[in-house]
Amino acid sequence: MGNDGGSIPDRRDLVRTKAKAEQADKANQTRARWFFCALSKRPLQDPVVSCALGKLYNKDSILEYLIDKSAYGDGENICGHIRSLKDVKTLKLTPNPSLSSSALSEPTSRSPFVCPLNLKEMNGVQPFVYISTCGCVFSQAGLKTVVSASSMSSSPKEKDSHTELGEVATSDSELEICPQCATKFSRKNDVLMLNPQPEEEERMREKMELQRSKETKKTKKRKNASPVDDTEAPTKKKALPAMHPSMTAASRAALAMEEAKRKATMSEAVKSLYGDGKPAKKETFMTRGTFTRYA
Ligand SMILES: [Zn+2]
């Protein structure tokens, strides 16, 4: 019996309790990472997107954040590296076949998603990856098995020499085929870890920054070459909110635009969302995604 004066908890008891608490905390953190949106903390729900750092988000939450960066208090800390929808990829997740639809609404320790190759659950026990070209999600082990079996002929030495130069390997002979949708991808550059360990996350962040510094150089060159882009963009931007007056998304977006104008300084997110100063091709893709999401 405790607390009757007969027993005094010694160090062993206290330390054991602490260790147990730490374990439970770790389990909760794992669960939070794999079952909930990193931004909104709501349960993950299709459509789910991931970023260059392999975090999982509900696409709705990212849209809310891009329209209004203060929508989530700590949004800037969590996804400050997401500048537009171009910085996230919609994931193609495989529903867990062993979960019935009725069980999905109840809180459960089972993951709603699995690897389509070996049916392992996406719950933080197995490392999972996604392919950035198509968005398909696999367990790392499952993808490794399939891909290494199909690419015995290509020489790994050659691949290394390419990456050492810092160039993206793009020749067809070095590309793999996604086992789920047959989209081509580079094993070196397009396979991203989901919810990586801290060291891996650091590597992914470095890679992202390198990639972005290359991109800005490219866009600068493009802008100098074609000044037409800059004059075209403002007219399209004005026409956009009026195009779908009946749609909630459109009116919401229009409201956000007004808000932004009132603030005089338009936030980077809204700018990039409407493709301000970017090529027209990007703009239509972005807006299409925005509207169909709510349609
Ligand atoms: Zn795919």
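Along the chain, the donors of the zinc ion follow the spacing C-x1-C-x41-C-x2-C, where donors are N, O and S atoms within 2.8 Å of the metal (3.2 Å for Na, K and Ca), and where sites may look incomplete since water is not among the atoms. The model is a predicted one, in which local features need pLDDT of at least 70 and side-chain atom pairs count only at pLDDT 80 or more, while totals for chains, interfaces and linings use all residues. Residues are numbered from 1 along each chain as its sequence is written, and side-chain values use heavy atoms, with hydrogens and water left out.

**Zinc site**

- The zinc ion is coordinated by the SG atoms of Cys134, Cys136, Cys178 and Cys181, at 2.2 to 2.3 Å.
- The angles among the 4 donor atoms run from 105 to 114°, and the site of the zinc ion is tetrahedral; four donors count as tetrahedral if all angles lie between 85 and 135 degrees.
- Cysteine 134 and cysteine 136 are both buried, where buried means under 20% relative accessible area, exposed over 50% and partly exposed in between, with a 1.4 Å probe and protein chains only; for cysteine 134 the relative accessible area is 5%.

**Cysteines and disulfides**

- The structure holds 0 disulfides, a disulfide being a pair of cysteine sulfur atoms within 2.5 Å.
- Cysteine 51 has its closest cysteine sulfur in cysteine 79, and because the two sulfurs are 8.0 Å apart, they are too far from each other for a bond.
- Cysteine 51 is buried, its relative accessible area being 1%.

**Serine 139**

- Serine 139 is found in strand β7, which covers residues 137-139; helices (H or I, at least four residues) and strands (E, at least two) are DSSP runs, numbered from the N terminus.
- With a relative accessible area of 0%, serine 139 is buried.
- The side chain of serine 139 makes a polar contact with the side chain of asparagine 118 at 3.1 Å; a polar contact is a pair of N or O atoms within 3.5 Å, of which, within protein, one must be able to donate a hydrogen and the other to accept it, and residues adjacent in sequence count only if both atoms are side-chain atoms.
- Leaving aside neighbours within four places in sequence, serine 139 is in contact (heavy atoms within 4.5 Å) with Cys115, Asn118, Pro127 and Phe128.

**Salt bridges**

- A search of the whole structure finds 9 salt bridges, each defined as a side-chain nitrogen of Lys or Arg within 4 Å of a carboxyl oxygen of Asp or Glu.
- Arginine 83 and glutamate 215 meet through their side chains in a salt bridge, at 3.7 Å from N to O.
- Arginine 83 lies in the loop between α3 (75-79) and β3 (89-90) and glutamate 215 in helix α7 (residues 198-225), so the pair ties together parts that are 132 residues apart in sequence.
- Arginine 83 is partly exposed at 34% relative accessibility, and glutamate 215 is likewise partly exposed, at 37%.
- Arg83 and Glu215 also belong to a network of salt bridges that links them with Asp87 and Arg212.
- Arginine 110 forms a salt bridge with glutamate 121, with 2.7 Å between the closest N and O atoms.
- This pair links distant parts of the chain, 11 residues apart, with arginine 110 in the loop between α4 (101-105) and β5 (113-114) and glutamate 121 in the loop between β5 and β6 (128-131).
- Arginine 110 is partly exposed, with a relative accessible area of 35%, whereas glutamate 121 is buried, at 15%.

Terms used
Four donors count as tetrahedral if all angles lie between 85 and 135 degrees; four count as square planar and six as octahedral if opposite donors are over 155 degrees apart and all others between 65 and 115; anything else is irregular.
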